[in-house]
Amino acid sequence: MIGGVTASKPPALIAVAHGSRDPRSAATVSAVVAAVAAARPDIDVRLAFLDLNAPSVEQVVDGVAAQGHRHAVVTPLLLGSAFHARVDLPGLLDTARARQPQLRLTQADVLGPDIGLIAALRDRVLAACSARDAVHPLADRRLGIAVAAVGSSSATANARTAEVAGRLAALTGWRTEICFATTEPSVAEAIAALRADGAGRVFVAPWFLAPGRLTDRLVGAAPHAIHADVLGPHPALTDVILDRYHTAIAEPHALSA
């Protein structure tokens, strides 16, 4: 036993969220990570934030090291591979490695447009539909879904995010359009495109893990549309997070010290 951690214990899982000034965001992400911990009580699961909330990545890494862990898998709770995943988090981990050389830190991949998360997005739309209409949405071929994501200054990143709408359409048969909270096409433009394509009912499906300022912006931009809930705690999200964790352990060329 080393510092209270046996050699047979699996690596710690440090789930890293973006952080937000909106308390709903931290509460939702905390519930997501609590679900992961409940699913795998054998893993030391901890939550850290890149910014705006505590504990920070540095604090959690130091805490894991203090408990005697020799390996931790840092799993970004990020839907896209943008600046935070490619630059910000690796820089923080490089600094942490210099401070805690005895702790091996492996960065897992982002969540991405995993089919499990597409199914979770479908479930959020189904819940919003069933709360308002007796018509089963999977039987309604005139249903239109505006899939709303954050948006990026990178056209390439936005094109990758647009795959979410296509995968949701393939899974359900619904008409879908991508839109963004911070760039074009806007949610209003997506709704107009769906109407022009023959959609009789239109829902907004936020491609967000947690609520916050940007999801409120989407509601404000389309106040008459029905907005589904964010992904939030969902069994599929738990599975995807654990998949990223195990994949990072198994890959010899993962980002690691």
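Guide: Let us start with angles between axes: under 35 degrees counts as roughly parallel, over 145 as roughly antiparallel, 65 to 115 as roughly perpendicular and the rest as oblique. Axes are lines fitted to C-alpha atoms, for helices over the stretch in contact, and the angles run from 0 to 180 degrees between N-to-C directions. Helices (H or I, at least four residues) and strands (E, at least two) are DSSP runs, numbered from the N terminus. Please keep in mind that this is a predicted model, where local features need pLDDT of at least 70 and side-chain atom pairs count only at pLDDT 80 or more, while totals for chains, interfaces and linings use all residues. Residues are numbered from 1 along each chain as its sequence is written, and side-chain values use heavy atoms, with hydrogens and water left out.

Visitor: Why are H1 and H8 called roughly perpendicular to each other?
Guide: Helix H1 (residues 23–39) and helix H8 (residues 235–250) pack at an angle of about 70°, with axes 9 Å apart. That angle belongs to the 65 to 115 range, so H1 and H8 are roughly perpendicular. Contact means heavy atoms within 4.5 Å, and here Val32, Ala35, Val36 and Ala39 of H1 meet Leu237, Thr238, Ile241 and Leu242 of H8.

Visitor: What makes valine 240 buried?
Guide: Buried means under 20% relative accessible area, exposed over 50%, and partly exposed in between (1.4 Å probe, protein chains only). Valine 240, found in helix H8, has a value of 5%, so it is buried. Leaving aside neighbours within four places in sequence, valine 240 is in contact with Leu111, Asp114 and Leu117. The C-alpha atoms of valine 240 and leucine 117 are separated by 7.6 Å, although the two residues are 123 apart along the chain.

Visitor: And why is leucine 52 called partly exposed?
Guide: Its relative accessible area is 39%, so leucine 52 falls in the partly exposed class. Leucine 52 is in the loop between S2 and H2, and its phi is near 75°, a positive value in a residue other than glycine.

Visitor: How do you know that the buried residues of H5 are on the same side?
Guide: They are Ala157, Asn158, Val164, Ala165, Leu168 and Thr172. The arc is taken from the directions from the helix axis to the C-beta atoms; theirs covers only 105°, which puts them on the same side of H5. Ala155, Thr156 and Ala170 are exposed on the other side of H5. Covering the buried residues are, among others, H4, strand S5 (143–149) and strand S6 (175–180).

Visitor: What makes a group of residues a nonpolar core?
Guide: A nonpolar core is a set of buried Ala, Val, Leu, Ile, Met, Phe, Trp, Tyr and Cys residues joined through side-chain atoms within 4.5 Å. The largest one here has 49 residues, and Leu13, Leu77, Ile145, Val147 and Trp207 have the most contacts inside it. Helix H4 (residues 115–130) gives the most to this core, with 8 residues. Apart from it lies another core of 18 residues, including Ala12 and Leu103.
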